[in-house]
Amino acid sequence: MCFTVSSAGGRRGAQMATFDIGHPDVMDFIRAKREDGRLRQFNLSLLITSEFMEAVRRNEEWKLAFPLTQEEVTSDNLDLDDSSQVVWREWPISKGYISNDAGQVACRINRSIRARRLWDLIMSSTYDYAEPGFILIDKVNDMNNNWFCETVRATNPCGEQPLPPHGACLLGSVNLTRFVQNPFTSDAFFDWEKFREVVSVFTRMLDNVVEINGLPLDKQGDEIRNKRRHGMGYLGLGSAMTMLQMKYGDSDSLEFTQRVTRELAVTGWRTGIELAKEKGAAPIMDETFPVTEEMLAERPEMRRDHWKAGDEISGKVLHARYSRYMQKLAEVEPQLVDEISKHGCRFTHHSSIAPTGTISLSLANNASNGIEPSFAHHYSRNIIREGKKSKEKIDVLSYELLAYRELVNPDAMPGSSDPKQQLPDYFVSADEISPRQHVEVQAAAQQWIDSSISKTINVPTEYDYEEFKDIYLYAYEKGLKGCTTFRFNPEAFQGVLAKEEDLENTSYTFTLDDGTKITAKGNEEIEYDGEIHTAANLFDALKEGYYGKL
């Protein structure tokens, strides 16, 4: 289906496949994309639990298991109290399986493996193939505003929207570069008043999109109208930092990231309350739900507020008072949470930071994607061009470099040894920033984002594997909901973005029809089948089986 989307016009489709870290077939899932041309329209992510991460830390055995029905327990004479046979775990579906009062499901142990051995298998695959990604599913569900009525087991393809069954991904992004005044000077500042005004208007616009959603399935339409979730985010964070003379990942940039994300959140929720008073709250806010023992175990503060099993409680109170995210918001804006518990809100979720690749390039003049720094300030993009048999390599410059040339120095060029062309040291690109700094920027934003964040930590090809593994442990420690890395590996794939030095340093070998072999550097042009291709793009198209099908 997604390949058909690509071949019809130049924009690729994508799907997300997620898989439980405790499933007996998890190792097959990790290796699923090793074959050329297989599952290339899919992103793969593992659903990682805190139980697994702690097992890795302690180097414990990790049990791979699958849920049990009562018939299996009876026929196989299993003892549910025998920890060598059965383990109790969170599972998305309890109906038909044996479950306990805490909502856990009894799972038959298929085999055990050292947690660190499985961890090394995951990490080596991610190092070489950039997959699978991590979705820290415990954190996703614990922080979900709709914790009381849905269980999330998957996200949209880039990971920024954890969604329940039939959930829709309604996204929109604000261009942060538009609010930077007097860029590249000591008088540079961010126009917070204008930013809040735009966020408020944009929140109303996204709410209107819910009404004209055009979703094809009735259940999708019901889901979006009942909860009215949307994901407002931003693009150009890295570009804006550069224009403000900040280095991405430094302490002042973390402070800026936290503030811009908090302002987006607070303004959005304030507008959501206004909309609820004008047009009505999201329907789920006005529904009532029975208090269960599972709820009380999950949210002990409900007992302290004198709720007990069997009581009826409204969705707006469960959302405002007992959502972990809203409790965090109450630390800075307690009156907003009070208002939501009384009047409800127009939507259950407001914020999400998407990758914004297409709109950053087409509408923002190549401002940095989403929360990212610029990939590089001079690099190549491989694009699908209608009628061309392989992808086409085009050179691009970052938004901040274009702006700097226009406002300060028309001759500026990254990497130049000529003092007249050199850029200030605050012009940094993705792989000049340490992985820990990437994680810290994401963490600074995540505490104010109620859905999630799509972020890719770019690391150099020669980056040390042992240090690479630590990135994911650090992401877990910082409370992220997900983590993705990318290391250029020419043996595995040719990405959408490429730096000239990577292409220059990579050789590709082709076998012609007559058996002759030729070798060319990645950025060399080759005439083949009546067209000119770069060696890297031609090699990728032939290897992956899409040559001539775009």
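What follows is a short exchange on salt bridges, the core, a sheet, a pocket and cavities.

Q: What kind of model is this, and how are residues numbered?
A: This is a predicted model, where local features need pLDDT of at least 70, side-chain atom pairs count only at pLDDT 80 or more, and totals for chains, interfaces and linings use all residues. Residues are numbered from 1 along each chain as its sequence is written, and side-chain values use heavy atoms, with hydrogens and water left out.

Q: How many salt bridges does a search of the whole structure find?
A: The search finds 44, a salt bridge being a side-chain nitrogen of Lys or Arg within 4 Å of a carboxyl oxygen of Asp or Glu.

Q: What does D207 pair with?
A: D207 forms a salt bridge with R346, and their closest N and O atoms are 3.0 Å apart. The two are 139 residues apart: D207 is in helix 7 (residues 192-211), and R346 is in the loop between helix 16 (334-343) and helix 17 (357-362). Helices here are DSSP runs of H or I with at least four residues, strands are runs of E with at least two, and both are numbered from the N terminus.

Q: Is D207 buried or exposed?
A: D207 counts as buried because its relative accessibility is 0%. R346 is also in the buried class, at 8%. Buried means under 20% relative accessible area, exposed over 50%, and partly exposed in between, with a 1.4 Å probe and protein chains only.

Q: And K455, what does that meet?
A: The side chain of K455 meets that of E372 in a salt bridge, at 2.6 Å from N to O. This pair also links distant parts of the chain, 83 residues apart, with K455 in the loop between helix 19 (435-446) and strand 17 (457-459) and E372 in the loop between helix 17 and strand 15. K455 is buried at 4% relative accessibility, and E372 is buried at 12%.

Q: Which residues are linked in a network of salt bridges?
A: The network links E54, R57, R58, E60 and E477.

Q: Switching to the nonpolar side. How many residues has the largest nonpolar core?
A: The largest core has 48 residues, and those with the most contacts inside it are F190, F195, Y234, L237 and I371. A nonpolar core is a set of buried Ala, Val, Leu, Ile, Met, Phe, Trp, Tyr and Cys residues joined through side-chain atoms within 4.5 Å.

Q: Which element gives the largest share of this core?
A: Helix 7 does, with six residues. The elements that give two or more residues also include strand 12 (231-235), helix 9 (237-243) and helix 10 (251-279).

Q: What about the sheet of three strands, what is its order?
A: The sheet is open, with the order 16-15-20 and antiparallel pairing. Its edge strands are strand 16 (392-397) and strand 20 (497-498), each pairing on one side only. Two strands pair if DSSP finds at least two bridges between them. Strand 15 (residues 378-383) is joined to strand 20 by two bridges, and S380 has A498 as its bridge partner in strand 20.

Q: Now the spaces. How much space lies in the second largest pocket?
A: About 930 Å³. On a 1 Å grid over the protein atoms alone, a pocket is an open set of points with protein on both sides within 12 Å along at least five of seven lines, a cavity is a set where a 1.4 Å probe fits but cannot get out, and lining residues have an atom within 4 Å of a point. Grid points are joined across faces, edges and corners, and a volume is the space filled by probe spheres set on the points.

Q: Which residues are closest to the centre of that pocket?
A: Of the 31 lining residues, E90, A102, T151, E294 and E298 are the closest to the centre. Helix 3 (50-58), strand 4 (86-89), helix 6 (137-142) and helix 12 (293-298) each give two or more residues to the lining.

Q: What lines the largest cavity?
A: V140, N144, V152, P162, R229, H349, D450, S451 and K481 line the largest cavity, which holds about 60 Å³ of space. One of these lining residues, R229, meets E223 in a salt bridge at 3.8 Å, N to O. R229 is buried, with a relative accessible area of 3%.
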